[in-house]
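User: Hello! I am new to this structure and would like to learn how its labels are decided. Could you take me through it?

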Amino acid sequence: MQDEDDNSAHPPRNSRIFATKSVDVLDCESTKEQAPKLCGYLNKLVGKGPLKGFKTRWFVYDPRKCYLYYFKTPQDALPLGYIEIADACFTYDVEAEEGQFEIRTAGKEFLLKAPNKQVMQYWLQQLQQKRWEFSNTRGCGNRDSWCSPSTLYPHTGLVAKDADAVLLDQPNESMESVRSDFTVEADANGLVGLQTARNSATLNFSLKQWSTELRNSMSHLRPSRGGENRRSIFYTASNEEWEMIDPPTKDTPEHKPPTESPRRENPSHFQRHSLGSAFTFDFRNPSRIRRPFHMGSGKSSRSAETSPVEFNGSKALELQLRLQNQQEELRRMQEEQTHLQEELSSQKELVRLLQQTLRSSQCERWPSGSSVPGEVDAAAVLAERDGQIQALCGHMERLALEKESLQQELKGLKVKVGEINDQLGMLMETIQAKDEVIMKLSQESQEGNAELPECSSPTARERQELDNLRDSLHGYKSQNNFLNKEILELTVLRRNAEAREKALEVKYTALEAKLCQVESKYLVLLQEVKTPVCSLSEQGPAHEVISRLLEDALEVESSDQQEHTVFKPHAVSEYDVYGFKTVPEEDDEEEKLVAKVRALDLKSLSLTDQEVSVGVKWENYLSGTMNRELIRSPELKSLMRSGVPHVHRSKVWSWCVNFHVKKIRESQPADYYENLLCMARDKPNPASKQIELDLLRTLPNNKHYASPSAEGIQKLRNVLLAFSWRNPDIGYCQGLNRLAAIALLYLEQEEAFWCLIAIVEVFMPRDYYTKTLLGSQVDQRVFKDLMNEKLPRLHAHFEQYKVDFSLITFNWFLVVFVDNVVSDILFKIWDSFLYEGPKIIFRFALALFKCKEEEFLKLQDAMAIFKYLRYFTRTILDARKLMNMAFVDMNPFPLRQIQNRRTFHLEKVRLELTELEAIRQTFLRERETTQDGRTLISDDDEDN
């Protein structure tokens, strides 16, 4: 669940802290949205027994609940688990592995490991700071009954300003100075923050969390999630180079030996090939050591790590290389000798074939009766052939000589190789003897050092030990400061918990005393009511008792009371959480009593198990969306229909509005709203006068719009003026002010402006808020058809007594039930309305009539029915029952049916409006004609 702002998406690359000081609580609340998000990779110890080991997890801190969630990858939708930080303690061991620390909370121990010590200290200090900030605001103000870690107030909108009125305990300055003294400088080195999510994810798989990981893997394949999330789990972004160190098979064509080679080649060429054949790495670039990658089951060649030559000095390595070069040259010369022998045999065969050919040609061309010129030609040919034979014989002799020289050279090389082998063996024996002497001398030196006293001048080994001791001392000092700070904070947390416990005990005692008083007054009231009253004159004592009980019952918690929160046993406040006044300021005691009873019923309904269950479902759903935005789904639709909790409504409404106006908003510049406000300030607007008249009449019973100096008035003025400039054909219509006012309770100015655009331009049909209100009239006829279909008995009852209920329901549709139902039901209707659209208005309008159908059927008078129509929605308090009727009893409810009926009635209403316009024009012409022919007479003339 990510309650993050725009700035959290771009955290600083080098998050560096020096002294983690807690600021004032109110300042902390106001700047919480600007703080960078605490998230990053850590290794977590998982598994049991032989499968126990560290696996990399993505950790994200949730400031709403003070939880540290951990995911397999940053793209996962569902967390593998969480760690409660609010009541946790942190520790680490200097002698343990670098970066390893431990979190203990709620009887559980979590062993985590950071990449290095600096990152570990950064995480620990940040977690300490988050715990400290959360503890300072913990227990202050009202809280949801189902979610104690979450504060009641949303992050944006006018209702968020109510959090400023809560009296919070200011942090002790001396405590802050002590905490800052114990704080050690820590640097994240860019390894903490959202930028680390771009690093390659590790391939970890946990059998314990296999179901969650499977769902996360499937969520990556959704088409709406983007390209990055659809990568395979086997994807890696590392740029490491791999090299095969296993020899390839004989069938590999790239490594077949050449069939022909030149007679003489560069000796460096032989050296390069000889090095490649005996070692698995390249001596020419030792700084670039490639990562080995074994293939197949072939026998791997020896690497430099396993070669014994590495331990025998540079001279032995030189001899080994020379020996290998000689062997390679010997092998090459043997190949050349074989090649020359094959060439010699082929030449001999060629000579033999030529001789046979010569003899056969002589027999054929010189018969017994040949002429003398023929004999001369034959002699010339024979002479030519003899020359060729002599040349071939000479070539054969040269080849034979070359063969002999090569054989002699080969013998010399064999002798040289034998000598080198002998030298190598002698050197190996010498090195082995030296190693034995060195080992023996080392043992004697260690024994002598143990017996001899310490020398005055430190050796290199002693200096190294001294440096290690200094590092250990620095580590223990850091650990000591951290543990001192941890003990200090845990002591303060324990004292705060004890103070909260005592405050709750006092509150419990006060409530118990209040309950006893209520029961006592109730019994007195029953006793007085039981006593019969004969006449009004005999009502003295009983009437006084009842009046006093009513006065006590009508007391509410006022804003000017300076008592502490826990000493206020009043169940009803002056204003509800939305800013609406709970008890009206009227002189009629009966109206006040009914309003207070209604407020008590609403509060009791908000504490039911069903409301608790809905809150828990929302918490679980939003915790699974910390790494991604909300997406439309059946699960989210079901949650929206059950109502959004007060603390999450700002975020959910903002997402709904942005989803519906995304295309419209992208087509406009980023400062579109500011430009409209500038235009409204610079140019006169025809709608501005009517807007000013309606500002204080918008929601007079809400404290955010009750006076001209209220904060909501200026915001409402800006939103309505900006909208009037965007839609000149509408300008301003009565009803838009209430829509914008409700949106401003949970959204900022610009978001409320786009919310108004979503309602007028996306949800509602055209001409819904124009001068003719054509779309509104069409919807009333569609609603009458639905009433006849879904509630035929009630519709027939209204028709029987000629009651036009559209006079009441017209305003429902125009302002989406604002000021028509109690506030708790109103905002639950708006939750579904902003997600699904105008179909919700039809559903809840039918559900309201369905809820009071039997009461309407009991009324047998048109005036009584119409009077009950005006206020019956205020008597409906059970939102769960109403939503069940709207979303279950009214099914099926296809949107296509509503659209078809809108199209049908639209033509009829247009035709009627055209006829009315024609009648109006005719009337105007007739009135002008009548006025021209009429003579005006003064009063004096009439008297005369």
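User: What makes Arg494 count as buried, partly exposed or exposed?

Analyst: Its relative accessible area decides that. Buried means under 20% relative accessible area, exposed over 50%, and partly exposed in between (1.4 Å probe, protein chains only). Arg494 has a relative accessible area of 46%, so Arg494 is partly exposed. Before going on, please note that this is a predicted model, in which local features need pLDDT of at least 70 and side-chain atom pairs count only at pLDDT 80 or more, while totals for chains, interfaces and linings use all residues. Residues are numbered from 1 along each chain as its sequence is written, and side-chain values use heavy atoms, with hydrogens and water left out.

User: Where does Arg494 lie, and how far is Arg494 from Asp87 in sequence and in space?

Analyst: Arg494 lies in helix H8. Helices (H or I, at least four residues) and strands (E, at least two) are DSSP runs, numbered from the N terminus. Arg494 and Asp87 are 407 residues apart in sequence, and 9.3 Å separates them in space, C-alpha to C-alpha.

User: Why is His474 called exposed?

Analyst: His474 has 52% relative accessibility, so it counts as exposed. His474 is in helix H8, which spans residues 460–530.

User: How do you know whether Thr105 is buried or exposed?

Analyst: Thr105 has 5% relative accessibility, so it counts as buried. Thr105 is found in strand S7, residues 100–105. Contact means heavy atoms within 4.5 Å, and leaving aside neighbours within four places in sequence, Thr105 is in contact with Ile83, Glu84, Asp87, Ala88 and Phe110.

User: What makes a group of residues a nonpolar core?

Analyst: A nonpolar core is a set of buried Ala, Val, Leu, Ile, Met, Phe, Trp, Tyr and Cys residues joined through side-chain atoms within 4.5 Å. The largest one here has 122 residues, and those with the most contacts inside it are Leu736, Tyr769, Phe817 and Phe849. There is also a second, separate core of 28 residues, which includes Leu68, Phe101, Met120 and Trp123.

User: What does Phe817 touch?

Analyst: Not counting residues up to four places away in sequence, Phe817 touches Trp812, Leu826, Ile829, Ile841, Phe844, Ala845 and Leu848.

User: Why is helix H18 described as mostly covered?

Analyst: In H18 (residues 736–746), 10 of the 11 residues are buried. Among them are Leu736, Asn737, Leu739 and Tyr746. The buried residues of H18 pack against helices H13, H16, H17, H19, H22 and H23.

User: Which residues of helix H15 are buried, and how do you know where they lie around the helix?

Analyst: The buried residues of H15 (672–682) are Tyr672, Tyr673, Leu676, Leu677 and Ala680. Seen down the axis of H15, these buried residues fall within an arc of 140°, so they line one face of the helix. The arc is that of the directions from the helix axis to the C-beta atoms. On the other side of H15, Arg681 and Asp682 are exposed. What covers the buried residues includes helix H17 (711–726) and helix H19 (749–763).

User: Why are H20 and H21 called oblique to each other?

Analyst: Helix H20 (residues 774–790) and helix H21 (residues 792–800) pack at an angle of about 120°, with their axes 5 Å apart. Axes are lines fitted to C-alpha atoms, for helices over the stretch in contact, and angles run from 0 to 180 degrees between N-to-C directions. Angles under 35 degrees count as roughly parallel, over 145 as roughly antiparallel, 65 to 115 as roughly perpendicular and the rest as oblique. H20 and H21 are therefore oblique.

User: Which residues of H20 and H21 meet?

Analyst: Lys784, Met787, Asn788, Glu789 and Lys790 in H20 meet Pro792, Leu794, His795 and Phe798 in H21. These divide into 4 nonpolar, 2 polar and 3 charged. Ala, Val, Leu, Ile, Met, Phe, Trp, Tyr, Cys and Pro count as nonpolar, Asp, Glu, Lys and Arg as charged, and the others, Gly among them, as polar.

User: What makes Lys802 count as buried or exposed?

Analyst: Lys802 has 71% relative accessibility, so it counts as exposed. Lys802 also has a positive phi of about 55° although it is not a glycine.
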